[in-house]
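This report goes through a structure from its overall confidence to selected packing contacts and single residues. Please keep the sequence and the coordinates at hand while reading.

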Amino acid sequence: MIDVLLTQTINGLMLGMIYVLVAVGLSITFGMLGIINFAHGAFFALGAYIGLLFFRTFGWWAIWLAPLVVGGIGMALEKVLISKLYGREPLISLVVTFALGLLIEAILRWVFGPAGQPFATPKFLAGVIEYGPILITKYRFAVLLCSVVIVVGLWLFLTYTSYGHVLQAGSKDPEMVEMLGIDFPLVQTLVFGLGCTLAAAAGVLAAPIWAVIPSMGASAIMPAFVIVAIGGLGSFSGAVVSGLLVGVVTTLTVQFKPEAATAAMYVLMFLVLLFFPRGILGKSWERVE
Amino acid sequence: MRKFIDWWGARPVATLTVTLVCAAVVPVLLGVPLTKVTQLLIFALYAAGVNVLIGYLGLVPFGASFFFGIAGYGLAYMILTRGENEIVAILMSVVMTVALAVVVGAVILRRKGLYFALLTLACSQIAFEIAIKWTSVTGGENGLQNIPRAFFDTDEAFHAFTLVVVLGCLMLMARLAHSPTGRALQAVRDNELRASMLGYNVFQIKLVGFCFAAALIGVAGSLIGLLLRGVYANYLSWQHAGDPVLMATLGGVQHFLGPLWGAAAFVLLEDQLSGLTENWWLMFAPIIILFAMLSPGGLHGAFQKLFGFSRRTLTNDRIPPRPANVEAYTSGSVGMTGTQPVLSIEGLSKSFGPVVTSRDISLDVYPKQLHSIIGPNGAGKSTFFNILSGIVLPDAGRIVFDGTDITRLPTYRRSRLGIGRSFQILSVFQNLTAFENVRIAVQASRRQWWRFWRNAYSDETSNQRVWAILEAVGLSERAGAPCSELSHGQKRLLEIAVTLATDAKLLLLDEPLAGLTQSDREIVGRLIKKLAETHAVLLVEHDIDRVLDLSDRISVLHQGRMIADGPPAEVVKSPEVVSAYLGQAHGRVEVVAPPPDGLAAPSLLSVKGLVGGYAGGGSVLQGIDLEVRQNEVVALLGRNGVGKTTLLRAIMGTLPIESGSISLGGRDLTRQRPSRINREGISIVPEGRRIFEDLTVATNLQLASRKGGASVEEIYSLFPKLQSLAQNKAGTLSGGERQMLAIARALMSPSKVILLDEPFEGLAPSVVADIKDAVAKLRTRASLVIVEHDAHSVLAMADRAYVLVNGAVAFAGTTYELSKDEPLQHRLLGVGARTAAV
């Protein structure tokens, strides 16, 4: 029993880290831009599909270009569409990003077809790792490592580079940042691109484990919302903590009561929001309250 | 053509009936399959139900599908397990849905905006999971099939049945929209705080609206189950969660018939486009995006624009006709004698942490008097008013209103007792007509919002009262205009009208003249004076001249204490008042006379005819001309509320400019982005400092650094204290240290002009000396514009001064001139009036 628990907890952490990658992107986007991006899951799917494309054309090493390409697409979309949503009433941005998400899903379905695409784990990561009572596939372990590296790298970026400082300052007082001579719209474009890149990286990592289907974005965006709501909108550490929490809870529920697995995180979110109206680590965001 | 549309617009129910019948018949004639048209009707009801939440209540639910899906399962249970017929099954399913709505609503209606949307989405996804997984009850992925239709088996019969049901439901909805309940929903949507201050129980109102929406959606969900003869989980899925919201938005959420158009577009487009490709969202999504971005009024709004309309049509907005004889407005204060105070305040004290905002204030307010409260910056006037209206509770003291102790009474109870309050930041219902704004307040005082079956406009007594009030404030001509179309001055009048409508005996008016032009000030001022003949009026204002003119009695607050209380002539002469306004150093500052040619330096910053800076409507700045030359320090003075900070913000590009120009060194900077303005050479040390608290001192400085500005070493040698604090988080710094940081920050970029907004505010005198030194160091590098309300602290260090009064320049000259002209100082900066001989 204990070894099942331990193994599943590690698996849960891995799932959690993928969720964290998606949720942190969503949280940063919200913190800086003030809009909730319902299309965020679509970038997750785009990452998986473009990764697949690059894999087929160039081989394994190329898949890491996929998140960058998706980031570029995200920035283009921000310039053309998303930037026009800032400051408008929330209903419009909810509707537009929702429709955008469905549009991207439809494009994927049109280009790649509705059936799932096979995406095998690379040969050098096949097999399992045993460590005492814990049994985990090499690939999942690699995913866990990669995502930890990415999240830590992101944290270092935010805390120690000047770009990161601009982001931190901008999420609190964007007007003052402008008055210091920093071109905020450019910062906003880059931030949106960053969010999309993170979601796409999660998609690339998750592709061999989950089914690569056009609607895979839904299985990423819903947990992302739940995580961001639980952890607190705009909070980086909140997204990490609640992402891991949701990952572990979901995986353990799958082990012991599989039918309730997907519903479990919604119940968790409901309960948390009842007692912590702004999430566990969240702050007040009058823009969307 | 307009008249034709107008005629129909006046009769929404007739329009609804005709439109719905056409919608039920015309597509069939055009070849669309009958069942598709039935589906269209059902989705129209679905979207309309959701629009009760979006359009009327202002809440966006992304999981209304929760009710849609669950109602279907309820219907299936009734028919398959209990063998009921359609009609009973629909009724029972609606009852179940509404019961669920009460439970869910009680929990999630306390949240707004995004959290509300997310919680509804969570509900729908939980329901989806249950529906998919609990196969024994819900049939899982296959759903529950073969639901018989006992009465309406054929497609035609069911189509007719659906038409009747949908029409009935929408008529009910129209009825609700025009009832006192429906109108209360809209008031809550537009301004929840004001509605609750008028005495509405906002939570109850929202719950009623929520349940009504759930009922409509429940009917739709049952009907779709009957249409398909089966109930499935897919309507609950994530992909379909947004359908009704998209439909309502596409059709127009601000219009009663909007959801109908949206549903029609949705169903018909799906039918046509899926003939072309299975992937019909590929074409539908861009259409939705385009419409949402370009036409916020949706299809209905676009149609209106073609004919030159732009009204919202959630309700029939025609107001009841004006009666031939409008009764004169009678206030609730008839019967108050002039000798007893209507409001008695004893020993009122309030502190927020270490900051004492009110110290032992005692004061009496008499009826039929205009009693004004004035005081220099930071006197505690707003806190005082908030305590009187019940938004803040005092730490000590008593407030007695008309014999009742109201010290700890909640706001809405005070309103019911007869205390009315108007707000400094306009707090009216933006999307309702002027008539409706006042009527909703009258309705609140009559406590009848729960009557959902009658038309709100059929209450003649209320209507009479509304017209009487509108007449009293002078808005009868504009009664039918939506509030958003009124001028700022008219909105102020409306603000007062809404306050009057609550049968108030005592009117608390909070800066009623803020942001008004001179002529509007006269109009509103006259109204207030007239009201003082019948009510007790307590007024907070910064327009000292007008206050001195109009008031019967003035109380002066300074640093939380009351320092004077009496008729204007007396108050003006009190030495304490004079020194409160003009500063302790008044009369003892030595300003050096400028050398005769000393002010011929080239002009640097030039502001001409600047009008702008909306204060929630209205322009604070009324045509400012200002010039800053090289190597000079300019003081920008004036009492609070005159527009000093607004002017700085407009120069910095963070406030909209209506007309006029700003240029630096000949380059035009009007309406440029703040980042561009900063790069051209204007920096600001803003009010409140606005340093980034989570970042270190060093990082704060580094964020602002640019080539050409001071280096970090230079800054540390100028401000050694900052060097010792370099690695501390800025949030841990004291007030003086923050100020120093903000000033140092302005030097990190190459600035030609540095704007300083109240640099000495909130600092202890010893610290002020340090900061003055710091400011002096700035002047060697750039020209300075210093905003100060305490003139004497800057007169010695500035070369020239501008004094603002009510958004315009009242004095422009050297500080030497100003320091020598005492009467001028009194008039513009103190409490001296032309009437008082100083």
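## Terms and model

Helices and strands are taken here as DSSP runs, numbered from the N terminus, with at least four residues (H or I) for a helix and at least two (E) for a strand. The model is predicted, and its scores are ipTM 0.86 and pTM 0.83. Chain B has a mean pLDDT of 85, with 94% of its residues at 70 or more.

## Overall build of chain B

Chain B contains 35 helices and 22 strands, and its C-alpha atoms fill a box of roughly 100 × 70 × 55 Å when this is taken along the principal axes. Of the 838 residues in chain B, 60% are buried. When contacts in chain B between residues at least 6 apart in sequence are considered, 74% of them join residues at least 24 apart.

The crossing of helix 1 of chain A with helix 9 of chain A is right-handed. Helix 1 of chain A brings A:Tyr19, A:Val22, A:Ala23, A:Leu26 and A:Ser27 to the contact, while helix 9 of chain A brings residues including A:Ser219, A:Ala220, A:Pro223 and A:Phe225. The residues of this contact between helix 1 and helix 9 of chain A divide into 10 nonpolar, 2 polar and no charged.

In chain B, helix 3 (residues 34-56) and helix 11 (residues 202-228) pack at an angle of about 165°, and their axes are 7 Å apart. Since angles over 145 degrees count as roughly antiparallel, helix 3 of chain B and helix 11 of chain B are therefore roughly antiparallel to each other, and helix 3 of chain B passes helix 11 of chain B in a left-handed crossing. Among the residues in contact are B:Ile42, B:Phe43, B:Tyr46 and B:Val50 of helix 3 of chain B, together with B:Phe210, B:Phe212, B:Leu216 and B:Leu223 of helix 11 of chain B. The contact of helix 3 with helix 11 of chain B divides into 17 nonpolar, 5 polar and no charged residues. Helix 21 (residues 488-500) of chain B and helix 22 (residues 518-531) of chain B pack at an angle of about 15°, with their axes 9 Å apart, and this angle makes helix 21 of chain B roughly parallel to helix 22 of chain B. Their crossing is right-handed. In this contact, B:Gly489, B:Arg492, B:Leu493, B:Ile496 and B:Leu500 of helix 21 of chain B meet residues of helix 22 of chain B that include B:Asp520, B:Ile523 and B:Leu531. The residues of the contact between helix 21 and helix 22 of chain B divide into 8 nonpolar, 1 polar and 2 charged.

## Two arginines with positive phi

B:Arg671 is not a glycine, yet its phi is positive, at about 60°. B:Arg671 lies in the loop between strand 17 (667-668) and helix 27 (674-680) of chain B, and B:Arg671 is exposed, because its relative accessible area is 53%.

B:Arg690 likewise has a positive phi, of about 55°, although it is not a glycine. B:Arg690 is found in the loop between strand 18 (682-685) and helix 28 (697-704) of chain B, and with a relative accessible area of 22%, B:Arg690 is partly exposed.

A:Ser93 belongs to helix 4 (residues 90-112) of chain A and counts as buried, since its relative accessibility is 6%. Residues up to four places away in sequence aside, A:Ser93 touches A:Ile35, A:Ile36 and A:Leu85.

B:Gly612 is placed in strand 13 (residues 603-614) of chain B and is buried, with a relative accessible area of 1%. Leaving out residues up to four places away in sequence, B:Gly612 touches B:Ser619, B:Val620, B:Leu621, B:Pro656, B:Ile657 and B:Glu658. The C-alpha atom of B:Gly612 is separated by 28 Å from that of B:Glu477, a residue 135 residues apart from B:Gly612 along the chain.

Note on methods:
Residues numbered from 1 in each chain as written. Chains lettered and ligands numbered in written order. Predicted model: local features only at pLDDT ≥ 70, side-chain atom pairs only at ≥ 80, totals over all residues. Heavy atoms only, no water. pLDDT = per-residue confidence, 0-100. Axes fitted to C-alpha atoms, helices over the stretch in contact; angles between N-to-C directions. Parallel < 35°, antiparallel > 145°, perpendicular 65-115°, else oblique. Left-handed = near helix turned anticlockwise from the far one by under 90°. Contact = heavy atoms within 4.5 Å. Nonpolar A, V, L, I, M, F, W, Y, C, P; charged D, E, K, R; others polar. Buried < 20%, exposed > 50% of the residue type's maximum accessible area, 1.4 Å probe, protein only.
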